[in-house]
Amino acid sequence: MAFVECVLVELTHEDVSAEYRSSNVWGATIDQYVAADAAGQQFTERRFDERLGWFETRVSRADVRDKLVWRLSQLASLARNRSHSDPVNTPDTFSVKPTHQL
């Protein structure tokens, strides 16, 4: 949880964003979080799903915290834990990068 709090502080004070990429048998998904206000209480969540494309919504700091804590606390990629006929071999990744690189 402390790591996620540090990430949220950086998203608020620097021109950086957080990105979580995962793969499953239906394709890739990307979740991006960018601070939407200077106080760091609202974030823009950009989500890409290979089947549906991009969409964007506003979420609270608490929602971002909960989502990142849940995702980053998993022992392995969620796709690897599911039973599919075609296993996914690409591990999930998390990164913080300059917003202009999104």
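Which residue forms a salt bridge with Glu45, and how far apart are the closest N and O atoms? The partner is Lys67, and the closest N and O atoms of the two residues are 2.9 Å apart. A salt bridge here is a side-chain nitrogen of Lys or Arg within 4 Å of a carboxyl oxygen of Asp or Glu.

The model is predicted: local features need pLDDT of at least 70, side-chain atom pairs count only at pLDDT 80 or more, and totals for chains, interfaces and linings use all residues. Residues are numbered from 1 along each chain as its sequence is written, and side-chain values use heavy atoms, with hydrogens and water left out.

## The sheet

The model contains an open sheet of 5 strands, arranged in the order 4-3-2-1-5 with antiparallel pairing. Helices (H or I, at least four residues) and strands (E, at least two) are DSSP runs, numbered from the N terminus. Two strands pair if DSSP finds at least two bridges between them. Strand 4 (53–60) and strand 5 (93–98) are the edge strands, each of which pairs on one side only. On average, neighbouring strands of this sheet are turned by 20 degrees against each other, direction ignored. Axes are lines fitted to C-alpha atoms, for helices over the stretch in contact, and angles run from 0 to 180 degrees between N-to-C directions.

Strand 3 (residues 42–49) runs antiparallel to strand 4 and is joined to it by 8 bridges. These two strands form a hairpin with 3 residues between them. Across this pairing, Phe43 stands opposite Val59 in strand 4, and Arg47 stands opposite Phe55 in strand 4. As a general point, strands of a sheet pair through backbone hydrogen bonds, either parallel or antiparallel.

## Helices on the sheet

Helix 2 (residues 61–72) lies across strand 1, strand 2, strand 3, strand 4 and strand 5, and runs at about 120 degrees to strand 4. Contact means heavy atoms within 4.5 Å.

## Salt bridges

A search of the whole structure finds 9 salt bridges. Three of them are listed below.

| Pair | Closest N and O atoms |
|---|---|
| Arg61 and Glu5 | 3.6 Å |
| Glu45 and Lys67 | 2.9 Å |
| Asp49 and Arg51 | 3.2 Å |

Arg61 forms a salt bridge with Glu5. This pair links distant parts of the chain, with Arg61 in helix 2 and Glu5 in helix 1, 56 residues apart. Arg61 counts as buried at 12% relative accessibility, while Glu5 counts as partly exposed at 26%. Buried means under 20% relative accessible area, exposed means over 50%, and partly exposed lies in between (1.4 Å probe, protein chains only). Glu5, Arg61 and Arg65 are linked in a network of salt bridges.

Glu45 forms its salt bridge with Lys67. That pair also links distant parts of the chain: Glu45 is in strand 3 and Lys67 in helix 2, 22 residues apart. Glu45 counts as buried at 7% relative accessibility, and Lys67 is partly exposed, with a relative accessible area of 34%.

In the pair of Asp49 and Arg51, Asp49 counts as buried at 8% relative accessibility, whereas Arg51 counts as exposed at 54%.

The structure holds 2 aromatic pairs. Rings of Phe, Tyr and Trp (its six-membered ring) pair if their centres lie within 6.5 Å; planes under 30 degrees apart count as stacked, over 60 as edge-to-face and the rest as tilted. Phe3 and Phe94 form an edge-to-face pair, at 6.0 Å centre to centre and with 75 degrees between the planes. The pair links distant parts of the chain, since Phe3 lies in helix 1 and Phe94 in strand 5, 91 residues apart. Phe94 is partly exposed, with a relative accessible area of 22%. The rings of Phe48 and Trp54 have centres 5.2 Å apart and planes at 45 degrees, so this pair is tilted.

Tyr20 is found in strand 1 and is buried, with a relative accessible area of 7%. Tyr20 and Phe94 are 74 residues apart in sequence and 4.5 Å apart in space, C-alpha to C-alpha. Not counting residues up to four places away in sequence, Tyr20 touches Thr29, Ile30, Asp31, Arg71, Leu72, Asp92, Thr93 and Phe94. The side chains of Tyr20 and Asp92 are joined by a polar contact of 2.7 Å. A polar contact is a pair of N or O atoms within 3.5 Å; within protein, one must be able to donate a hydrogen and the other to accept it, and residues adjacent in sequence count only if both atoms are side-chain atoms.
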